[in-house]
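I'm opening my notebook on this one and looking things up bit by bit. Here is what I wrote down.

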Amino acid sequence: MKKIIPYIFCFIACMSQLHAADLIVDELKNQEVYFVNFLFSDLLGNLKEVLIPLDHVQDALENGITFDGSSVAGCSNISKSDMLLKPDINTIRIVPWLQGINKTAIMICDLYLNQHEPFTDSPRILLKNVTQEIAQHGYACNIGPELEFFILDQDNKPIDNNNYFNAETNIKRTLQNGSLIHILKAMGINVEKLHHEVSSGQHEFSIKYGDPIAIADQVTLAKYSLKSISQEYGHNVTFMPKPFANQNGSAMHIHFSLWDPIAQQNAFYDEQDTYKFSKVGKQFLAGVLHHIPSTTAIFNPTINSYKRLVPGYEAPIYVCWGTKNRSALIRLPESNEPSSVRAELRCPDVMCNPYLAFAALLKSGLDGIIHQRIEPAPAEENLYTLTKQQLTQHEIASLPASLHEALHNLQNSSFIQKLFGETLMQSFIALKNKELYAYNTHISDWERKTYL
């Protein structure tokens with residue numbers, strides 16, 4: 001929605017909310033938009049929406065949108081159920097696949113308890129607070145994720161048997177890939193590249209780094225867009241971490257760095273260091289590694305997540321860092337210039353709530369800086385070839401092996417309790433325990449085949 005955003009941003013600082021709403025609605029009319037879809041995520045990252053016709057949009061922009069918080073996971077209870085959506089006009093864009101009389105714009109909303117009180121248990125508000133805290137320590141954050149996903153046919157089987165970086169020779173699939181990039185770009189998602197991944201039907205695209213909140217919004221909208229548009233081709237897109245046995249699962253690798261706005265340089269870069277990686281960067285990295293046992297449930301929030309985190313399938317399970325070592329939990333990718341020096345966390349999957357995941361990552365790193373944590377020695381060998389004794393000698397621990405174990409670590413972490421707050425933490429754990437109970441009481445086809 002290129003005509004709307006820059007025009008409004010030039011004047012928004014000196015405008016009342018009423019005047020801004022006028023401008024937005026007028027521009028939507030000029031572009032013949034008939035509806036605005038107001039979006040927000042629940043605690044688990046599930047997207048919620050309310051569709052409003054254009055003649056009622058101005059009221060929504062000026063006064064917010066009331067909703068029943070007790071019906072949304074992680075929001076208020078039934079005795080305090082009335083909540084408010086406040087649209088973030090920075091997120092406005094037109095949905096490219098809805099045109100004509102169905103032409104629709106979208107906006108992402110923040111959750112409020114009332115007109116003036118943000119809902120601090122909202123993941124998006126939490127991420128805003130963490131980025132503000134990092135700013136108070138003199139830094140700005142950069143986040144750049146890579147999202148892996150499977151494209152399946154109507155029988156939920158992979159659409160191809162290709163593997164990593166294979167050239168696409170099916171012209172329909174080539175056109176579809178181009179269309180996916182066009183759609184994502186039109187939705188304001190800054191796609192850098194799209195390619196086939198290791199497993200059959202598996203693909204990956206990367207989003208150019210930027211402000212954590214904007215990038216979390218882009219991740220949310222990318223998942224929404226891919227699931228929506230794939231149906232036009234008779235396909236399904238899944239972000240399930242491990243949909244097929246004996247194949248690699250899908251991750252959401254997160255590249256991260258800090259920017260020093262005073263020095264106008266990448267705070268992770270040091271010309272004198274062996275790895276060109278600064279002391280601040282190493283402290284940040286050490287903080288992430290220190291807290292990873294208690295944050296894994298946030299990065300890998302489903303039962304299925306832990307079927308991906310097993311040896312032999314490229315997913316990292318050992319808590320260490322390296323340079324080009326893809327078996328390490330964190331690696332330092334090859335960088336051609338100071339501005340691109342960064343670290344990459346490789347354990348998260350795309351089922352995580354990006355707002356919570358980025359908040360946990362950044363808060364962990366900031367804790368490393370505040371407490372001047374010292375990073376362990378880098379691991380450069382293939383960790384999957386090491387014995388348990390060798391791993392112990394190198395003091396390399398493993399990630400939690402199950403959601404149950406990860407939740408236990410989270411629940412007993414004072415760090416997470418302080419980050420989340422008591423209410424958000426209890427809500428997250430309750431939702432995940434409900435998922436565990438449903439799984440543990442379900443009788444699978446494998447069990448019937450094996451034991452019946």
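**Histidine 255**

I started with the neighbours of histidine 255: leaving out residues up to four places away in sequence, histidine 255 touches Asn142, Ile143, Gly144, Glu146, Pro333, Arg342, Ala343 and Glu344. Contact here means heavy atoms within 4.5 Å.

Before going further I noted the ground rules. This is a predicted model, where local features need pLDDT of at least 70 and side-chain atom pairs count only at pLDDT 80 or more, while totals for chains, interfaces and linings use all residues. Residues are numbered from 1 along each chain as its sequence is written, and side-chain values use heavy atoms, with hydrogens and water left out.

I found histidine 255 in strand 10 (residues 252-260). Helices (H or I, at least four residues) and strands (E, at least two) are DSSP runs, numbered from the N terminus.

Is histidine 255 buried or exposed? I got a relative accessible area of 9%, so histidine 255 is buried. The scale is: buried under 20% relative accessible area, exposed over 50%, partly exposed in between (1.4 Å probe, protein chains only).

I also saw a polar contact of 3.1 Å between the side chains of histidine 255 and glutamate 146. That term means a pair of N or O atoms within 3.5 Å; within protein, one must be able to donate a hydrogen and the other to accept it, and residues adjacent in sequence count only if both atoms are side-chain atoms.

**Salt bridges**

Next I looked up salt bridges (a side-chain nitrogen of Lys or Arg within 4 Å of a carboxyl oxygen of Asp or Glu). How many are there by this rule? I count twelve salt bridges.

One of them joins arginine 124 and aspartate 88, at 2.9 Å from N to O. Arginine 124 is in helix 4 (residues 123-136) and aspartate 88 in strand 4 (residues 82-94), so this pair ties together parts 36 residues apart in sequence. Both arginine 124 and aspartate 88 are buried.

Glutamate 344, from my contact list for histidine 255, forms a salt bridge with arginine 346 at 3.2 Å between the closest N and O atoms. Glutamate 344 and arginine 346 are both buried.

**A hairpin**

Last, I checked strand 1 (residues 35-41) and strand 2 (residues 47-53), which run antiparallel and are joined by seven bridges. Two strands pair if DSSP finds at least two bridges between them. I noted that phenylalanine 40 has lysine 48 in strand 2 as its bridge partner. The two strands form a hairpin with five residues between them, and glycine 45 in the turn has a positive phi of about 95 degrees.
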